[in-house]
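Please read the following points with the model open beside them, and turn to each named place as it comes up.

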Amino acid sequence: EDPTAECRRMEELFERGIRIKKDLAELWMNRGFGRTVWGLYRAATRENPLEDWKRAEEDFEAALGIRSDLSWAYFCRAEMRFNRGSYYELQGEKDKSSRNFADAVVDYEEAQRRTPSYEKLIRTRLAEARQKAKSEY
């Protein structure tokens, strides 16, 4: 089932919320998460997800600009960067891929530093991101 209509509705709801309460970091973070998932859907359907992930990254930046203590925002941004790195890897764009994996490592580590209980959640992805950041594939 095509989730396009639902994703547009999500965008509208977050836009409305952000207009009302621009300083609520969770609105930005959750919209960024939604855009990350939308990018994954686009990638899975062989569409270009890069604009969605760019916009997601901007949302995570806004959230962290408001509240730099949001460890979940670091985790979500790491996931987006990991996925973007994987996309570039499939496209054969090594430099972009490695850079995204390296950025994901930084975010995973920051999320874990701020919330040590994330260690189990992050462990496998962090190890893979570290390896791919150095990879010559």
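1. The bend at a residue is the angle between axes fitted to the seven residues ending there and the seven starting there, and helices are DSSP runs of H or I with at least four residues, strands being runs of E with at least two, numbered from the N terminus. In these terms α6 has a kink of about 30°, centred on R125.

2. Before going further, please note that this is a predicted model, in which local features need pLDDT of at least 70 and side-chain atom pairs count only at pLDDT 80 or more, whereas totals for chains, interfaces and linings use all residues. Residues are numbered from 1 along each chain as its sequence is written, and side-chain values use heavy atoms, with hydrogens and water left out.

3. Helix α6 covers residues 119-134, and its 16 residues reach 21 Å from the first C-alpha to the last, close to the 22 Å expected at 1.5 Å a residue; the expected span is 1.5 Å times one less than the number of residues. For α4, the 21 residues should span 30 Å at 1.5 Å a residue, and the end C-alpha atoms are 30 Å apart, which agrees. After α4 comes G92, with a positive phi near 80°.

4. Which residues of α6 are buried? They are I122, L126, A129 and K132, where buried means under 20% relative accessible area, exposed over 50%, and partly exposed in between, using a 1.4 Å probe and protein chains only. An α-helix has 3.6 residues a turn, so residues three or four places apart point the same way. The buried residues of α6 pack against α4 (71-91) and α5 (94-114), contact being heavy atoms within 4.5 Å. In α4, 16 of the 21 residues are buried, so this helix is largely enclosed by the rest of the structure.

5. L126, which has its place in helix α6, counts as buried because its relative accessibility is 6%. Leaving aside neighbours within four places in sequence, L126 is in contact with V105, Y108, E109 and Q112. L126 and A102 are 24 residues apart in sequence, and their C-alpha atoms are 9.8 Å apart in space.

6. The largest nonpolar core has 30 residues, of which Y108 and I122 touch the most other members; such a core is a set of buried Ala, Val, Leu, Ile, Met, Phe, Trp, Tyr and Cys residues joined through side-chain atoms within 4.5 Å. At least two residues of this core come from each of α1 (4-20), α2 (25-44), α3 (50-66), α4, α5 and α6, and α4 gives the largest share, 8 residues. Not counting residues up to four places away in sequence, I122 touches F75, Y108, A111 and Q112.

7. The whole structure holds 8 aromatic pairs, meaning rings of Phe, Tyr and Trp (its six-membered ring) whose centres lie within 6.5 Å, with planes under 30 degrees apart counted as stacked, over 60 as edge-to-face and the rest as tilted. W72 and Y118 form an edge-to-face pair, at 5.7 Å centre to centre and 80° between the planes. Because W72 lies in helix α4 and Y118 in the loop between α5 and α6, this pair ties together parts that are 46 residues apart in sequence. W72 is partly exposed at 35% relative accessibility, whereas Y118 is buried with a relative accessible area of 15%. One aromatic cluster is formed by W72, F75, Y108 and Y118.

8. How many salt bridges does a search of the whole structure find? There are 25, each being a side-chain nitrogen of Lys or Arg within 4 Å of a carboxyl oxygen of Asp or Glu. E79 forms one with R125, the closest N and O atoms being 3.1 Å apart, and this pair links E79 in helix α4 to R125 in helix α6, 46 residues apart. E79 is buried, with a relative accessible area of 18%, while R125 is partly exposed at 24%.

9. K132 and E89 also meet in a salt bridge through their side chains, at 2.8 Å from N to O, which links K132 in helix α6 with E89 in helix α4, 43 residues apart. Here K132 is buried at 17% relative accessible area, and E89 is partly exposed at 21%. Elsewhere, E11, E15, R31, R35, R55 and D59 are linked in a network of salt bridges.
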